[in-house]
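Dear colleague,

I am passing on a structure that I have been looking through, and I would be glad if you opened it beside this message.

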Amino acid sequence: MRTLVIDHPLVTHKLTALRDTESDTATFRSLTAELVTLLAYEATREMRVQPVSVTTPVGMASGVKLAGPVPLIVPVLRAGIGMLEGMTRLLPMAEVGFVGLRRDEESLVASTYADRLPADLTGRDTFVLDPMLATGGTLATVISMLANRGAASVTAICLLAAPEGLRHVEAAFAADEVRVVTASVDERLNEKGYIVPGLGDAGDRLFGQI
């Protein structure tokens, strides 16, 4: 597994505003979409391409286009939905699958309650959207689901990551085909499994406490 922390002034600026308790829901949603687009730019750097030639108004030009099959974007319900707009800005042609996992607040173990993924992902690049990589249990479960269906690569895009979660995922998936792209690796998890200093509950801040 490889971890890529995006060290860019715009990323740090937007992440700082996301952390701020003064940012309201509308601001938080907008910032999340913008930040995901910035992270996605780096997350898609290794996508496969094929050479093509096109006709410009004054001649021929050599270039590339994304190679098939089309990529799959997988938001983890519910908070991952808030990241989808920012990702599809860069990959409007991508298909979208969904996985729903619920974490037990005492054991911190995640259980699957929704699986809307293609049965066969052979040769496809996949991108998992999950705002917070905390314990790593949720992400490890989703990566396993994608790998077991033949995904060529799995890249997780997370707003924040905790060292404990990164170690968990790395222990489970050593292959280079698995990557985590994040805006920051924070200090630690607290006793409730929340990232410190973090930004609170991403789902509640995106959609309200429902």
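Please keep in mind throughout that this is a predicted model. I would begin with strand β2, residues 49–56, and strand β3, residues 59–66, which pair in the antiparallel sense over eight bridges.

Next comes the second largest pocket, whose volume is about 180 Å³. It is lined by 14 residues, of which Glu46, Asp125, Ser153, Thr155 and Arg179 are the closest to its centre. Strands β8, β10 (153–158) and β12 (178–182) each supply at least two residues of this lining, and by class the lining holds seven charged, five nonpolar and two polar residues.

Finally, is Pro131 buried or exposed? Pro131 sits in the loop between β8 (125–129) and β9 (132–133), and its relative accessible area is 2%, so it counts as buried, the limit being under 20%. Leaving aside residues up to four places away in sequence, Pro131 touches Ala79, Gly80, Met83, Cys158, Leu159, Leu160 and Ala202. The C-alpha atom of Pro131 is also separated by 9.6 Å from that of Ile81, although these two residues are 50 residues apart along the chain.

Conventions
Residues numbered from 1 in each chain as written. Predicted model: local features only at pLDDT ≥ 70, side-chain atom pairs only at ≥ 80, totals over all residues. Heavy atoms only, no water. Helix = DSSP H or I, 4+ residues; strand = E, 2+ residues; numbered from the N terminus. Buried < 20%, exposed > 50% of the residue type's maximum accessible area, 1.4 Å probe, protein only. Contact = heavy atoms within 4.5 Å. Pairing = 2+ DSSP bridges. 1 Å grid on protein atoms, 1.4 Å probe; cavity = no way out; pocket = protein on both sides within 12 Å on 5 of 7 lines; lining within 4 Å. Points joined across faces, edges and corners; volume = space filled by probe spheres on them. Nonpolar A, V, L, I, M, F, W, Y, C, P; charged D, E, K, R; others polar.
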